[in-house]
Amino acid sequence: MATTARRGPYVCGIDAAMDVVAGKWKSLIIWELHEHGTRRFAELRRGLPGVSEKMLVQHLREMETDGLVHREVYAVVPPKVEYSLTEHGVTLNTALEALAQWGQERIRRIGAEMTAPDAA
């Protein structure tokens with residue numbers, strides 16, 4: 001698990017970008033936070049069917065280290081933690097929009113099915 005931001009060396013900009021979004025769940029976490037705004041851990045997990053608690057925690061920590069996600073801890077009982085996109089995370093989501101459009105076209109072209117996200 002990353003404890004400091006990765007710093008390369010990189011071959012190109014795509015290499016640097018993929019270093020941050022590598023893994024099945026990171027881009028989906030970004031999408032979930034963009035679509036629904038600030039989310040608690042359980043809400044994120046419900047919105048990402050199939051993600052394990054361990055993987056979600058690992059990715060959120062890495063994304064916080066990379067400056068994509070803000071983690072807000074409230075001093076209440078029971079503990080309350082919320083996650084949201086940082087400004088840097090919002091810019092990454094904007095960059096991923098073209099890839100999402102390409103994926104939508106691919107889904108249409110190959111006749112693939114889409115799963116409906118849980119209404120959390």
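A: His-70 belongs to strand S2, which spans residues 69-74. Strands here are DSSP runs of E with at least two residues, helices are runs of H or I with at least four, and both are numbered from the N terminus. The model is a predicted one, in which local features require a pLDDT of at least 70 and side-chain atom pairs a pLDDT of 80 or more, while totals for chains, interfaces and linings draw on all residues. Residue numbers start from 1 along each chain as its sequence is written, and side-chain values rest on heavy atoms, with hydrogens and water left out.

Is His-70 buried, exposed or something in between? Its relative accessible area is 36%, so His-70 counts as partly exposed (buried is under 20%, exposed over 50%, and partly exposed in between, for a 1.4 Å probe and protein chains only). Beyond its neighbours within four places in sequence, His-70 touches Glu-82, Tyr-83, Ser-84 and Thr-86, a contact being heavy atoms within 4.5 Å. As for Phe-41, 29 residues separate it from His-70 in sequence, and the C-alpha atoms of the two are 12 Å apart in space.

The chain that holds this residue contains five helices and three strands, which follow one another from the N terminus in the order α-α-β-α-α-β-β-α. Of its 120 residues, 24% are buried. Among contacts in the chain with a separation of 6 or more, 51% join residues 24 or more positions apart. Along the principal axes, the C-alpha atoms fill a box of roughly 50 × 40 × 25 Å.

Elsewhere in the chain, H2 packs against helix H4 (residues 53-65) at an angle of about 75°, and their axes lie 10 Å apart. That angle makes H2 roughly perpendicular to H4 (65 to 115 degrees, with under 35 roughly parallel, over 145 roughly antiparallel and the rest oblique). Axes are lines fitted to C-alpha atoms, for helices over the stretch in contact, and angles run from 0 to 180 degrees between N-to-C directions. On the H2 side, Lys-26, Ile-29 and Ile-30 take part, and they meet Leu-56, His-59, Leu-60, Glu-62 and Met-63 of H4. By class, the residues of this contact are five nonpolar, one polar and two charged (Ala, Val, Leu, Ile, Met, Phe, Trp, Tyr, Cys and Pro are nonpolar, Asp, Glu, Lys and Arg charged, and the others, Gly among them, polar).
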